[in-house]
Amino acid sequence: MKKRIQIEENGIYMMFEVTEENNVCLLHCNVIPYEEDSIESYKKGKFSCVQLQLSGYNPDEHHGSKYSGSSHGQLLKYVGHTDTRNTFGRKLEIEQQAENITVISHVQFYDNISVIRTWNEVINTGADEETLEYVSSFALTGCLKEGLKPWNEKGVLHLPHNTWAGEVQWRKYSLPELGLNRVEGTAAAADPLSRQNFSMKRISIVSNGTWGCSEYLPMGSLENTESGLCMTWQIESFSSWQYEISDTLGEIYVLLSGPAENENHWFKKLKSGERFETVKAAVSFEKTFEKTIGELTKYRRIIRRPNKDNEDLPVIFNDYMNCLYGDPTTEKLIPLIDAAAEAGCEYFCIDAGWYADGIWWDEVGEWKPSSVRFPKGIIEPINHILEKGMIPGLWLEIEVMGIHCPLAEKLPDDWFFIRHGKRVIDHGRYQLDFRNPEVRKYASSVIDRLVREYKVGYIKMDYNINAGIGTEHASDSAGDGLLNHNRAYIQWLKNIFNRYPDLVIENCSSGGMRMAYPLLEIHSIQSTSDQIDYKKYCSIAAASPTAVTPEQAAVWAYPTTAGDEEETVFNMINSILLRIHQSGHLPNLSQKKFELVKEGIQLYKKIRSEIRESIPAWPTGIPAFDSKWMSYGMRKDHKMYLAVWRAGSECSNFSIPLQEYGKSVKSVQCIYPADLGCRYRLNTGNSNLSVELDHPYSARLFEITFS
């Protein structure tokens, strides 16, 4: 007997159907109600709400590399469901069983936010051991079913390409542009259940290893250009993950997951009574890509660890980028500390190199200050930071140990990742294994020493290697060892914050190579990039709120002594609507350029309480790395702060449409810089803002109010 579970929550409509065969199908999940005629009845069996492959079971479908025909996608049968509420909102749990396996699918709603968070829990209820090869975190078929056009004509996939110094670069593709074409033949048209009614091709986006964002962010977005609907997701994993998009019976599906055997060398053995929980995935549903990001921004704020840093948004000075570059000494730091304090910075972080006399890269691990760099001890510059009214910080890379660190030779192999009987080495470092309680104890002792002896209130926690697919030591598979290490590291971080709730720990990984929400749910601030060229950084800065809340997005501002005043302004505007990561040789700047830095920081302090509550906006679209003009705004109620950049364009004029953000524009004011001048005009007929900037690399910040 058919049964339906119908949900309407926070503007999201979900429709589950329990078929006559007792399979649970997710027929619909969107911001419009389910339409009965949107799915032909013969297709509904393919709308499984979970895909699960176990060793020794038959994936009974012509599937190629796809997971759409997993063994237990069809074998699981409905047992029951619960529909409750918790502190976040409504919570749905659906239980299914096959012969020896129980799966509980979790769907968490968030009050007044059109986002769901989903994950699956697999339990071995049989007597024998079972091996998991793949488990989805989220599965939805029929993602482009609304409208009359075929999916190949209306589906647009937004992909967030990511790389060192080139983070958060979204691009749009039609599905055929990525090689996914409709292949149904005439036989399929005559007989809809014939074999040739789907492609073997899939769009598979994969991350492998400990750098989970080295090629893509663990995100994606699928837009239906005919119906005007969009879904955007984030997989909450900072190492290995995978998602695929393909077709089945003429419908497009999306499968999101953490690690899998084929892509990530992951499998998990479950003894009788044991259970496994997938990584979580969050999916936002709205009418446009920008609106889905707005909903994800609200969601990210809800799940994030409550902390003072994201309330106060203090200004950080860090001595690394376009400044000391890992070569700090007391002599070099004192004038920087003085200038940072005068400019209005509230934290001062001594970056890499403080623990080594010379070349520091492959000697990291003991975390003891260099007596050569600091003849009177590192406490001398730290005390100077405190005397200037700032909170001191230090750089760490706690998850690794350099191959030339004296301590590394004395430690047993079970402190480290092991593959094929050897310690894993990457870029001169060993990877520590946080499953080992001795590793966690040592890492905690380092934090304790920095906080208690050196009075540190800020840690830049970096991570600069990719230790690969994982560790084989004490694990079912390399990927299993990696996933459990990640979970142990997260728990260790939580314990550190429980011990030191006001400690600020920046999440950094050569910039944004681990810009993902298992870490950002705990850390209050994220390094967005290591990009050293301010002219290229603007596109990264402007796009970063797609991946992280604006108040967590640390952006470098590093005006140079050789640059002109427009360079200084450009640098400051890169960061003012996010989190200022100030750097550069401030003591050597001209008085005018230093005053521009100071003015930018003062303005930031006036508006930062609004940043933490605002929603990002891109009136001219998400910028590309080579965009010549771009804009990015923060909107709250009837106000928007809008940054506008001219990034090398030959044209000095730019038009910015504002009609989507209010009934009409009441006022526009250029609020930074105060006295360098800028020609702009509001076109009242269409609410477009025209901006003219004479310098080919220049920027301005506007305050806009709407009726």
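The lining of the second largest cavity draws at least two residues from each of β3 (24–30), β10, β14 (219–224) and β15 (229–235), strands being DSSP runs (E, at least two residues) numbered from the N terminus. The model is predicted, so that local features need pLDDT of at least 70 and side-chain atom pairs count only at pLDDT 80 or more, whereas totals for chains, interfaces and linings use all residues. Residues are numbered from 1 along each chain as its sequence is written, and side-chain values use heavy atoms, with hydrogens and water left out.

A cavity is a set of points on a 1 Å grid over the protein atoms alone where a 1.4 Å probe fits but cannot get out, and its lining residues have an atom within 4 Å of a point; grid points are joined across faces, edges and corners, and a volume is the space filled by probe spheres set on the points. The second largest cavity has a volume of about 110 Å³, and among its 17 lining residues C29, N30, C143, E146 and M231 are the closest to its centre.

The largest cavity, of about 130 Å³, is lined by 15 residues, with C49, S105, V107, T118 and F138 nearest its centre. Four of the lining residues come from β8, the largest share.

Technical notes
1 Å grid on protein atoms, 1.4 Å probe; cavity = no way out; pocket = protein on both sides within 12 Å on 5 of 7 lines; lining within 4 Å.
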